[in-house]
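Here's a quick briefing for anyone opening this model for the first time. Have a look at the structure, then read on.

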Amino acid sequence: MSPLREPTDHARRTLPIASGAVVRRHVGVLLRDHRRALLWVLLWHLLAAVAGLAGPWVIGQVVGAVTTGAATVTSIDALVGLLAAALAAETATTWVARRSSLVLSEEVFARLREDFVGSAVRLPLSTVERAGTGDLLARTTNDVDAISYVIRFGIPTVVVSVTTVLVTGVATVVASPLAALPLLLTPLVWVLPTRRYLRLAGPGYLWEHATYARLNGVAAETVEGAATVDALGLQGERGDRFAEALRESHDAERYTVGLRLRWFPWLELGFFAPVAGALLWGGWLAWEGVVPVATATAVVLYVQRLLDPLGELVGLLDEIQFAATSMSRILGVAEVPADRVATGAVPSGDRLEVDSVRYAYREGQDVLHGVSLDLRPGERLAVVGPSGAGKSTLGRLMAGVDGPRTGRITVGGVPLVDLELDELRGQVALVTQEHHVFVGTLADNLRLPRPQASEDQLREALDAVDALDWALRLPQGLATRVGSGGHRLTEAQAQQVALARLVLADPHTLVLDEATSLLDPRAARHLERSLAAVLTGRTVVAIAHRLHTAHDADRVAVVADGRVRELGPHEELIAADGDYAALWRSWRDEG
Ligand SMILES: Nc1ncnc2c1ncn2[C@@H]1O[C@H](COP(=O)(O)OP(=O)(O)OP(=O)(O)O)[C@@H](O)[C@H]1O
């Protein structure tokens, strides 16, 4: 039983899957947008199929002439000449037809891929985090590959096969409706098993795809966390997870292979029954003199000509079914609702305000319960509290990464989620330990927040974070390629690049979440200097996991159980002798 018929927690948390109707509509739009090219492709294939009809007809005439004794050398020569001309015409039209359908499928695939990339890069961060990278990775790789195969090879084959089957089928019936009767055997044998197969294959393939997503997720997580796996000796545990994900994939593949195995024998029967029927029935009709030998021969050859295209079509039906589920997964990415809608409102001032904010990662489980905070421009606010209290969540909301479930977080009176992302990043930014260096030059990496920044501005930003020296010493200076496969930057250098980007983005408010805690102490001290340079003159919310940073702040907010318990300057909170004073004493005593 496929687990997707009863959605599991995993299935609920993955990205959406588009319905069959959406997939059909989208395919309709794709075909409509390429209808001119499609019409040409159909026309060429039609010509090729018509040219292909001449062969069996000529052979039928030769057999008829020989068996009735009416053959002369001249008439046979003329027929063979006709056969050669028909073959040449078929070859030429088939070549043109195949070429035009390959060009069409490449265009359709390119469009689909561009649409998908467009939706994928617009996905809200919180959605990607909740779904895990595995699901998105599987959609970008396995699903795109499955569709690519069907579009590149499937569309041309379907067009060729359908036109050949239709044209040849019509020619068979026109040649002799009576001799063509065995053609009916195919649908008779196919209908029921194929309906059953198609009904079960859709959910089966969806399940199979979901298991690939899990497998990709486990693989990506293991590679990303390789150092942790090594340090904590988690090889066994990761191995077990792989085994479990593989087992599920194996079960899903077994299920779909089982479906195919039960369907294929009926297909085979449907192929060969009309050929055998046409031979026996046509032979008998000719023997009895009901139809001429030439016609019976042509009909048998026509029916036999149907075998290849029908075989291709049926083989593809399975691939198309598989690709249709991939298509639902790819189109599903576009169904994720935007987590912000820019209203065009312009903030008046730099004041960040948090008003009665609630937030839940999972429905019905709030982790922030009505938080309110008013940041004074230029101040430094430390947010402290026990682990799991909601500090990082509050930080993400204050930086506009996620929107609150209820309540408002505004800058200059405008909710953060009403701002364009570019505009938002110029107002407030989150600084974490994650600092990805993208593949490209160092200058490309620095220009991400400000594509128009001049070389001098890049140097100034690097200088501000004390990184200009090493940057200029790189093999090609700022033009050095960095990121995966390029010049390797150290952790501290990568963090400095991230800080220099902040200088270029120039937000008035920064939310710092444990910015330096993963570095070795020497690098951390150096980085703290760089960080201090970036912080100067800005409003700062520091998610303080070590209390000494709280001591230096203008005000301290104590967060516990998703609520702000205390708020005020360090000295005042100590004097009040509440939660903060207790935390402070225990930290000082440990120190
Ligand atoms: N991505 C997530 N999905 C579901 N729950 C989450 C997620 N991130 C955090 N939580 C939960 O939200 C609550 C608040 O977590 P948060 O990380 O904000 O606390 P914190 O005070 O920053 O803790 P720490 O100091 O340990 O980082 C915790 O109960 C945590 O388990």
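Predicted model: local features only at pLDDT ≥ 70, side-chain atom pairs only at ≥ 80, totals over all residues.

Residues are numbered from 1 along each chain as its sequence is written, and side-chain values use heavy atoms, with hydrogens and water left out.

**The open sheet**

- Four strands line up as β2-β1-β4-β5 in an open sheet, with antiparallel pairing. Strands here are DSSP E runs of at least two residues, helices are H or I runs of at least four, and both are numbered from the N terminus; two strands pair if DSSP finds at least two bridges between them.
- At the edges stand β2 (365–374) and β5 (414–415), each with a single partner strand, so one side of each has no neighbour in the sheet.
- Threonine 406 in β4 is the bridge partner of arginine 358.

**Salt bridges**

- Side chains of opposite charge can pair when their charged atoms come close. A salt bridge is a side-chain nitrogen of Lys or Arg within 4 Å of a carboxyl oxygen of Asp or Glu, and this structure holds 19 of them.
- Arginine 358 turns up again here: its side chain meets that of aspartate 366 in a salt bridge (4.0 Å, N to O). Arginine 358 is partly exposed at 33% relative accessibility; buried means under 20% relative accessible area, exposed over 50%, and partly exposed in between (1.4 Å probe, protein chains only).
- Arginine 555 and glutamate 379 form a salt bridge too, with their closest N and O atoms 2.7 Å apart. Because arginine 555 lies in strand β11 (residues 555–560) and glutamate 379 in the loop between β2 and β3 (380–384), the pair ties together parts that are 176 residues apart in sequence.
- Buried or exposed: which is arginine 555? Arginine 555 is buried, at 9% relative accessible area, and glutamate 379 is buried at 6%.
- Aspartate 577 and arginine 585 meet through their side chains in a salt bridge (3.1 Å, N to O). Aspartate 577 is partly exposed at 48%, and arginine 585 is partly exposed at 37%.

**Surface patches**

- Patches are made of residues with over 30% relative accessible area and no salt bridge, joining like charges within 9 Å and nonpolar side chains (Val, Leu, Ile, Met, Phe, Trp, Tyr) within 5 Å.
- Asp456, Glu460, Asp463, Asp466 and Asp469 form a negative patch. Helix α14 (residues 455–464) gives the most to the patch, with three residues.
- Aspartate 466 sits in the loop between α14 and α15 (468–473), and is partly exposed at 37%.
- A nonpolar patch is built from Leu178, Leu181, Leu184 and Val290, with about 340 Å² of accessible area together; accessible areas come from the Shrake-Rupley method with a 1.4 Å probe, and for residues only the protein chains shown count as cover.
- Leucine 184 lies in the loop between α6 (133–175) and α7 (185–224), and is exposed at 52% relative accessible area.

Technical notes:
Lys, Arg positive; Asp, Glu negative; His and termini not counted. Charge placed at Lys NZ, Arg CZ, Asp CG, Glu CD.
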